[in-house]
Amino acid sequence: MDAMTSPEARSAHNLPERSVSELSADLKRTVEETYARVRVRGEISQPKLAGSGHCYLRLKDDTAVIDGIIWKGSYQKLTIRPEEGLEVIATGRLTTYPGRSSYQIVIDSLELAGEGALLKLLEERKRRLAAEGLFDPARKKRLPFLPRCIGVVTSPTGAVIRDILHRLRDRFPLPVLVWPVLVQGEGAAQQVANAIAGFNALSPGGPVPRPDLLIVARGGGSLEDLMAFNEEITVRAVAASRIPVISAVGHETDTTLCDFAADLRAPTPTGAAEMAVPVRLDLLAQVRDDGQRLQGATRRLLEDRAMRLEGLSRGLPPVDRMIEDYAQRLDDRWERLGTAARVTVDRRAAAVGQLGARLRSPAEQIAAKQGQLAQAAQGLGAVVRYTLKDRDARLAAVSGRLRPDAVARDVARHQRDVTALWFRLGAAAGRSLPEADTRLKAAAERLEANSYQGILDRGYVVVRDETGQVIDSRAPLKGGEAVTLQFRDGTATAMVTGSETPRRTPPRKAGDTRQETLF
């Protein structure tokens, strides 16, 4: 049989045997070394943000699909968020996941693939924010006619801020607060949103004046350059501002989502300054014209009223003739009032005298009350003597029926019963306490044998996840996850990898908490 074996079969038997874990590790190493840095273009499918903060998704084209993962730290730095159907260019590295015999891309950054994908993203974002009511005209605020202070959110080095300040100075000089921000690139949207929220957080009447109007401005540029003003965080900050906002982003043909959320859109930053304040010289001219017109109208009104007053006065009789009759009537009323007062006083004095004649003197009233009090005292004394006599008779009758001998016999009998019960209680306690002590010692020995620390002393280890929950199965473990190992003499931190081959570690000393890697 050996002589008939072919050379190919003999060479196959000479191949070294490898475990599944070893083969998976070799594949993982080969893939990661070969594709350590790749850029993949595809359409995002099934994006899902896990509770740990990691994002799982798929990149697909017409014929293939690749799994992808964005770790929590990289996800927080993304300028765009993964959305279903969004075409992107993903930059990262390829790796394998031995637990499912699959490969995946670990994504470090995302960028939109072309202007078409960007327009699709903006249209979808616009539709979603409009459904929330952020663009509703009913919620837009009216701009103040003449603001006392204006806040400007823009770059401090561009031509935009100079144009705005120049136009405001020409039309109506007033205080301007500039909050410098980035207007494009990474972090620009967050800075713009923080600036709007910062202006709204100022207290009226504080050391820094709170603006009555905000201008969010930026010069023209491509669609990618204006993306900071299309980000959701910026749009929500503009919509949530309690201070009226004018959006002046780009040229007249440029439109951003901030334009829809703002209370007013200006075609250019210079146009925003013109919308913010009126022309001071025009206001002064209008005030002078209105003042002159008011003075003329007042003068004509006074002249007309004087003419009417003069005409009415001609139809009135002389004033001295009008008051002669009233003066005579006043003298007559005065004389009648003096006579009536004297008659009234005399009548009231007679009434008081009649009432005084009917009153009894205080001495008579006191004597009458003293006689009534003496009669009441005599009756009360008789009642008290009768009551005391009755109570004394009843007390004598009750005391005759009392027998102290019967009470003494009852007390002696109860003392004997208490003494007997006390001896019985002592005997019962002497019998039951040793039995209870024996059962308690047996229970303590069983508890010690099955205790938590006893199991650890026999060489077992308790594995816990990051939240402190006990892990009793390998299923929930993932590569890269940190776990805590509890031994009988301390704890240690370990990291889960994809390999399932255990690795021997040197013995620990008591209290050792060094980090280990769990395979």
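## Strands, surface residues and salt bridges in a predicted model

At 59% relative accessibility, Val319 counts as exposed, where exposed means over 50% relative accessible area, buried under 20% and partly exposed in between (1.4 Å probe, protein chains only). This is a predicted model, in which local features need pLDDT of at least 70 and side-chain atom pairs count only at pLDDT 80 or more, while totals for chains, interfaces and linings use all residues. Residues are numbered from 1 along each chain as its sequence is written, and side-chain values use heavy atoms, with hydrogens and water left out.

Val319 belongs to helix 11 (residues 319–358); helices (H or I, at least four residues) and strands (E, at least two) are DSSP runs numbered from the N terminus. Together with Met322 and Ile323, Val319 forms a nonpolar surface patch with about 290 Å² of accessible area. Such patches consist of residues with over 30% relative accessible area and no salt bridge, with nonpolar side chains (Val, Leu, Ile, Met, Phe, Trp, Tyr) joined within 5 Å and like charges within 9 Å. Accessible areas come from the Shrake-Rupley method with a 1.4 Å probe; for residues, only the protein chains shown count as cover.

Thr253 is likewise exposed, at 70% relative accessibility, and is located in the loop between strand 9 (245–249) and helix 8 (257–261).

Strand 1 (residues 38–49) runs antiparallel to strand 4 (residues 87–97), joined by six bridges; strands pair if DSSP finds at least two bridges between them. In this pairing Val38 stands opposite Gly92. Strand 1 is also antiparallel to strand 2 (residues 55–60), through five bridges, and Glu43 faces Lys60 of strand 2. Strands 1 and 2 form a hairpin with five residues between them, and Gly53 in the turn has a positive phi of about 100 degrees.

The whole structure contains 21 salt bridges, each a side-chain nitrogen of Lys or Arg within 4 Å of a carboxyl oxygen of Asp or Glu. Three of these pairs are tabulated below.

| Pair | N to O distance |
|---|---|
| Asp26 and Arg29 | 2.9 Å |
| Arg125 and Glu231 | 3.5 Å |
| Asp332 and Arg333 | 3.3 Å |

The side chains of Arg125 and Glu231 meet in a salt bridge. This pair links distant parts of the chain, 106 residues apart: Arg125 lies in helix 4 (residues 115–131), and Glu231 in the loop between strand 8 (213–218) and helix 7 (232–240). Both residues, Arg125 and Glu231, are buried. Asp26 and Arg29 lie three residues apart in helix 2 (residues 20–34), about one turn of the helix. Asp26 is partly exposed at 24%, as is Arg29 at 44%.
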